[in-house]
Amino acid sequence: MFSYNFQLALKSLKERPALTLLTILAIATGLGLYTTVKTMSYQSSQVPLAHKSKNIFLLQMDNREITADAVEHQARMVDTTYKDTLNLMQLEMPGVKQSFNWSTYGILNVEDENINPLQTTAAVVNSTFFTMFETPFLYGNGWDKATEEGGEAVIIISKLMNDKLFGGRNSVGESVRINTHVLKIIGVLDTWYLNSKFYNRSFWPGYPDNFFIPYTFAMDNNLPRSAGFDCWAANADISRSFRTENKGRLINSECAWVTFWAEVPEAKVTDYRQQIMSYMESEKALGRFPRELEMYLTNLNDQYNYVNGRNQFLNTFSVLATLFFAVCLLNAVGILLAKFMRRKKEVSLRRALGAKKKTIIMQHLLEVIIIGFLGGVLGIVISYFGLQGMLNIRIYSSDYTVRVEDIQPLFQLNWVMIGNAFATGIVCTIVASIYPIWRLCNVPPASQLKSQ
Amino acid sequence: MDIKPIFLGLKQNKFMAMLMIIQIAFTMGVLSSSVLVATTTLQEWNVPSGIPHNDIVRISPEFFDDNQDVGQAMFNDLKRVKDIPAVINAAPSNAVPFTAENMIDVYLATEEDAQGFKTVVFESDEQIIDVLQLSLIDGRLITASDVVKGEIDSTPQSASEVMISQDMAKVLFGDDSAIGKTIWLAKSADPVKVIGVYSNFMTGERLNGRGKSYHSIIRPQVKWSLNQQPHYLMRVEPGTAVALLEDIIDVFYLERGRYINSSELLKRTQKRMYDGRGSRALTFLVLSLVLLIITGLGITGLTAFQVTQKRKQIGTRRALGAKKSDIMRYFLTENSVLTLIGLVIGVAVTLSITFELSEQAGQNFFNLGVLLMTALLLWVVNILAVWFPAKRAANIAPAIVTRGA
């Protein structure tokens with residue numbers, strides 16, 4: 001019976017090839033666009049370090065003035081001051097890792113005059129950064145606490161820089177210059193893909209940091225600090241200058257600008273929170289933290305959720321793509337109806353000859369599933385090209401400052417998305433066909449035969 | 001023609017009518033939302049630059065070595081670059097057209113409540129006019145003797161005469177001549193005198209986004225420090241810029257301890273200025289077009305189906321004396337009635353979508369003209385979509401009824 005139905009379905013598909021094709025095209029176009037957007041949202045919302053992302057917390061403490069406004073959301077809360085950063089690093093808690101960073105930039109150059117200097121973005125970090133965020137090393141390793149505390153001039157460079165400056169050879173032990181400072185390379189990172197640069201809270205995709213240096217060295221040599229400085233009124237007017245000047249004043253100020261992270265196992269979160277609270281209380285006793293004590297520990301998952309919810313382009317695009325898909329499905333309903341109702345006579349004859357409603361439904365359902373399947377296949381092909389198109393648009397609109405390798409994964413179909421697209425395609429086609437099939441199988445038997 | 005039979009016909013086939021209406025309403029919603037987003041994004045897009053941007057090269061070098069003499073380097077740079085035969089002229093400038101984002105307020109008075117006028121100041125030497133090929137509209141050009149040059153810390157004095165752009169002059173002084181007038185580049189600053197008015201050129205996206213693309217001031221002064229080094233603008237023989245770029249970069253690398261931050265044709269700077277929003281808007285417009293095609297095909301399919309359904313009635317009407325044009329008109333009117341209802345609902349859908357999007361983006365997307373244009377476009381597409389099946393319907397022979405089919 002199934003194969004008979006299947007044959008009938010195939011026959012019916014071939015009957016009006018233009019209409020069949022139109023239905024498939026309508027579904028495929030809608031689905032293609034829908035999958036394109038869904039893939040982009042999916043890929044940009046994938047949280048890195050998935051195995052421990054819920055244990056990696058951003059720490060924010062409210063050290064602001066008494067006159068400051070209440071914040072509506074954690075994301076609006078200030079980061080950490082330099083002195084709190086150093087104090088918190090003194091906390092000893094087994095099992096808990098803490099790390100902090102800020103951004104800088106510099107001109108990387110080598111003695112070899114044939115290689116032109118490169119300006120690039122970089123991260124200023126402490127020694128635990130590399131273990132907490134599990135950066136992959138191609139050569140060498142991170143630095144230890146002693147190196148850091150000694151203010152040694154060491155640097156870790158990215159694979160890209162290693163390729164450009166040293167032709168890809170193992171450059172550990174060699175020297176590189178940031179502006180005029182000479183630093184020793186102790187490690188080379190392998191390709192470290194992040195869908196967005198979460199660790200400095202910029203959440204920017206596509207511009208990986210190209211070197212990493214110890215915070216002590218960066219501070220001692222006053223490398224630029226690309227940060228937003230949330231200062232008290234006393235320093236508000238010069239807060240911009242803290243990027244390059246007034247280091248001494250910055251270190252002792254209440255300006256918050258360092259991104260502070262803690263990796264805390266599930267069982268210790270309450271302890272850790274308490275410890276931070278008691279730190280804040282002890283500082284309050286010294287006259288700091290004038291507001292009601294408040295702190296935020298926000299794990300990576302929650303931060304990703306928040307940031308992705310605010311992606312304006314994807315949101316707009318998402319709404320339009322969903323509606324677009326709906327319009328395409330409405331079209332499919334109309335075309336299917338037209339296609340099926342042509343078969344009134346045949347169906348009423350078959351019904352008159354004893355075919356059950358169920359058989360008619362089965363036959364047409366099969367036909368619709370085949371249409372949905374083909375629409376799904378074509379839709380996935382369309383979304384592949386859609387994603388390629390979006391990738392190229394992104395690269396074009398960044399004026400080729402983003403490298404394809406760095407953002408390509410954001411526009412990559414995977415099995416989850418392909419599976420989803422198929423399921424969506426078939427389910428939606430079936431839903432679209434409910435009314436046309438219902439109309440058709442309710443044609444009274446023999447009603448169409450009268451005048452022939 | 002009586003509209004009554006159309007409603008009767010629609011009543012008979014409620015589902016079809018509903019389907020068509022919903023389809024049109026949704027299409028209208030999606031189409032006009034994306035067109036509205038696109039047009040808002042494309043405001044002030046690719047407006048004339050006022051300069052030969054294909055033949056101007058921009059270089060932004062930067063010393064990372066603190067032991068360099070920027071003033072001497074500038075002197076060397078300009079000399080070396082002008083020695084390249086294909087380079088016609090060069091000028092240092094603190095800002096670059098298309099990326100001049102350092103917006104300030106200029107004032108006609110210093111009172112507390114004096115109104116500020118947004119503008120950007122290009123600090124450069126007398127060659128800038130020739131490099132950018134600006135023409136003199138009024139007054140006189142700046143000359144070499146007007147230019148104040150020096151290291152920032154050791155040069156406290158500033159140029160006291162400026163040139164302003166045509167649009168700037170219009171905004172500040174209306175139809176009066178700007179020549180000899182006094183303006184303030186900041187309320188606390190010394191006044192400066194306008195000595196000339198030059199033709200408009202594009203400043204950058206920040207002013208452009210405010211509809212003040214051409215508001216600029218040229219101040220004849222070149223000041224520098226290690227933290228603040230000028231850019232260079234060079235006009236080259238037409239068509240040679242691309243080939244010359246590498247040579248020019250090499251010239252700038254002759255100074256050691258330096259890094260070339262940016263080196264490009266102004267054409268590319270211009271492209272970058274419009275890129276982000278341009279490609280975004282185009283994405284939406286392409287989607288709109290695809291959607292329009294799909295809906296058009298869908299409507300054609302539905303109407304074709306109805307024509308097949310109504311063959312007998314059509315034959316009868318024709319047999320009773322209806323002309324071909326009557327049949328055509330029937331289908332076109334029927335479709336228009338549905339389209340109209342669909343469009344009304346569609347406008348409501350659009351309003352809610354654009355309201356939501358505007359809330360999210362904090363930017364107003366709504367524009368009545370665009371909305372009406374989209375509605376009209378959708379109507380035309382619908383008529384086209386119905387035209388062909390309706391034509392087929394009109395060609396049904398009256399004899400069909402007599403066949404007893």
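**Helices at the A–B contact**

Hi everyone, let me start with a pair of helices: α2(B) passes α8(B) in a left-handed crossing. Before I go on, please keep in mind that this is a predicted model.

So how do the axes of α2(B) and α8(B) cross? They come within 9 Å of each other, at roughly 165°. Angles over 145° count as roughly antiparallel, and α2(B) and α8(B) are therefore roughly antiparallel to each other. If you sort the residues in the contact of α2(B) with α8(B) by class, you find 14 nonpolar, eight polar and two charged.

Let me stay with α2(B) for a moment. This helix has 28 residues, and its first and last C-alpha atoms are 40 Å apart, close to the 40 Å expected at 1.5 Å a residue. Is α2(B) mostly covered or mostly open? Mostly covered: 22 of its 28 residues are buried.

Helix α12 of chain A runs over residues 312–341.

How do α12(A) and α2(B) pack? Their axes are 9 Å apart, at an angle of about 155°. That makes α12(A) roughly antiparallel to α2(B). The crossing of these two helices is left-handed. If you have the structure open, you can pick out the residues that meet. On α12(A), they include A:L320, A:F324, A:V327, A:L330 and A:G334. On α2(B), they include B:I22, B:F26, B:G29, B:V30 and B:V37. The residues of this contact divide into twelve nonpolar, eight polar and no charged.

Back inside chain B, here is another helix pair. Helix α1 of chain B, residues 4–12, packs against α10(B) with the axes 10 Å apart and an angle of about 70°. That makes α1(B) roughly perpendicular to α10(B). Here the crossing is right-handed. From α1(B), B:I6, B:G9 and B:L10 take part, and they meet B:Y330, B:T333, B:E334 and B:V337 of α10(B). By class, that contact has four nonpolar, two polar and one charged residues.

Next, some single residues. A:N246 has a phi of about 55° and sits in the loop between α8 (233–236) and α9 (247–251) of chain A. It has 15 C-beta neighbours inside 10 Å, so A:N246 counts as partly exposed. In chain B, B:F98 has a phi near 80°, and B:F98 lies in the loop between β2 (87–93) and β3 (104–107). Is B:F98 buried or exposed? It counts as buried, because it has 25 C-beta neighbours inside 10 Å.

Then there is A:F260, in strand β10 (residues 256–263) of chain A. With 21 C-beta neighbours inside 10 Å, A:F260 counts as buried. Leaving out residues up to four places away in sequence, A:F260 touches A:L59, A:D79, A:T80, A:T85, A:L88 and A:F100. How far is A:F260 from A:W102? They are 158 residues apart in sequence and 9.1 Å apart in space, C-alpha to C-alpha.

Last one: B:I129, in helix α4 (residues 128–131) of chain B. This residue is buried, with 21 other C-beta atoms within 10 Å. Beyond its neighbours within four places in sequence, B:I129 is in contact with B:L134, B:L141 and B:Y198. B:I129 and B:R329 are 200 residues apart in sequence, and in space they are 64 Å apart, C-alpha to C-alpha.

Notes:
Residues are numbered from 1 along each chain as its sequence is written. Chains are lettered from A and ligands numbered from 1 in the order in which they are written. This is a predicted model: local features need pLDDT of at least 70, side-chain atom pairs count only at pLDDT 80 or more; totals for chains, interfaces and linings use all residues. Helices (H or I, at least four residues) and strands (E, at least two) are DSSP runs, numbered from the N terminus. The expected span of a helix is 1.5 Å times one less than its number of residues. A residue is buried if 20 or more other C-beta atoms lie within 10 Å of its own, exposed if 12 or fewer, and partly exposed in between; C-beta atoms are placed from the backbone. Axes are lines fitted to C-alpha atoms, for helices over the stretch in contact, and angles run from 0 to 180 degrees between N-to-C directions. Angles under 35 degrees count as roughly parallel, over 145 as roughly antiparallel, 65 to 115 as roughly perpendicular and the rest as oblique. A crossing is left-handed if the near helix is turned anticlockwise from the far one by less than a right angle, and right-handed if clockwise. Two residues are in contact if their C-beta atoms, placed from the backbone, lie within 7 Å. Ala, Val, Leu, Ile, Met, Phe, Trp, Tyr, Cys and Pro count as nonpolar, Asp, Glu, Lys and Arg as charged, and the others, Gly among them, as polar.
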